[in-house]
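Dear colleague,

Please find below the structure that I am handing over to you. My findings follow it.

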Amino acid sequence: MRRVQMSGDAGNALIAGYRRFREGHWAEAKAEYEALAAEGQKPHTLVVACSDSRADPALIFDAAPGQLFVVRNVANLVPPYEPDGHLHGVSAALEFGVMVLGVSRIVVMGHAHCGGVSAMRSGAPDSVQDFVAPWIAQGTPVVRRVAEAVEPDEVEQASEEAIVRLSLDNLRTFPWIAEREAAGTLVLSGLHFGIADGILRALNGPGPFEALD
């Protein structure tokens, strides 16, 4: 087999990681991958998470292949239900996960030191006005209200938690999500991951986020 080259430090790191995967994880889980290829996926949970490279849901939940259907974007935002014929990547993934794959849980997972949420407070950089600025604008009013209501040292985490709540509220604007939640066949959960301490905090109903054991 001819070896394809991926030049540069990043390419070398990717190839080295792929080789470790093939020699370690894939070799140990070969039968699982073959079964997934033959039978298809049946994930139990759909995760809406941030694209931040420090908060990988599969690592945090120690998930096996086929268990999680993951949707990642800037600041783990879920826009409201708008079937207007435009391009809606998050909504399309939600529809597929719920209507085709039949997941039984949707988790919105925010995280500490989120750059997207920070930009909601201070404004997006001039270099990302085409797509990032309008995308994060949907969370700006919520974040600014929260920032005015808490102490300065609480603003960062309170803002990140507020975006998790906003995304959960927007999930409930999708009729086929709201119907399933009301019927008890779909559970919605909100989480916040602390990058420095590795702790997951869960939204407890209308109350605060509380650390999981």
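Which residue in β2 does Cys50 stand opposite? Its counterpart is Asn73. The model is predicted, so local features need pLDDT of at least 70 and side-chain atom pairs pLDDT 80 or more, while totals for chains, interfaces and linings use all residues. Residues are numbered from 1 along each chain as its sequence is written, and side-chain values use heavy atoms, without hydrogens and water.

β1 (residues 45-50) and β2 are parallel partners joined by six bridges; pairing requires at least two DSSP bridges between two strands. Strands (E, at least two residues) and helices (H or I, at least four) are DSSP runs numbered from the N terminus. The open, mixed sheet has six strands, ordered β2-β1-β3-β4-β5-β6. Because β2 and β6 (209-211) have a single partner strand each, one side of each lacks a neighbour in the sheet.

Helix α5 packs on the sheet and touches β1, β2 and β3 (105-111), contact being heavy atoms within 4.5 Å. The direction of α5 makes about 170° with that of β2; axes are lines fitted to C-alpha atoms, for helices over the stretch in contact, with angles from 0 to 180 degrees between N-to-C directions.

Two residues in the loop between β2 and α5 deserve a mention: Ala75 and Asn76. Neither is a glycine, yet phi is positive, about 70° for Ala75 and about 45° for Asn76. Ala75 is buried, at 0% relative accessibility, and Asn76 is buried at 2% (buried: under 20% relative accessible area; exposed: over 50%; partly exposed in between; 1.4 Å probe, protein chains only).

Kind regards
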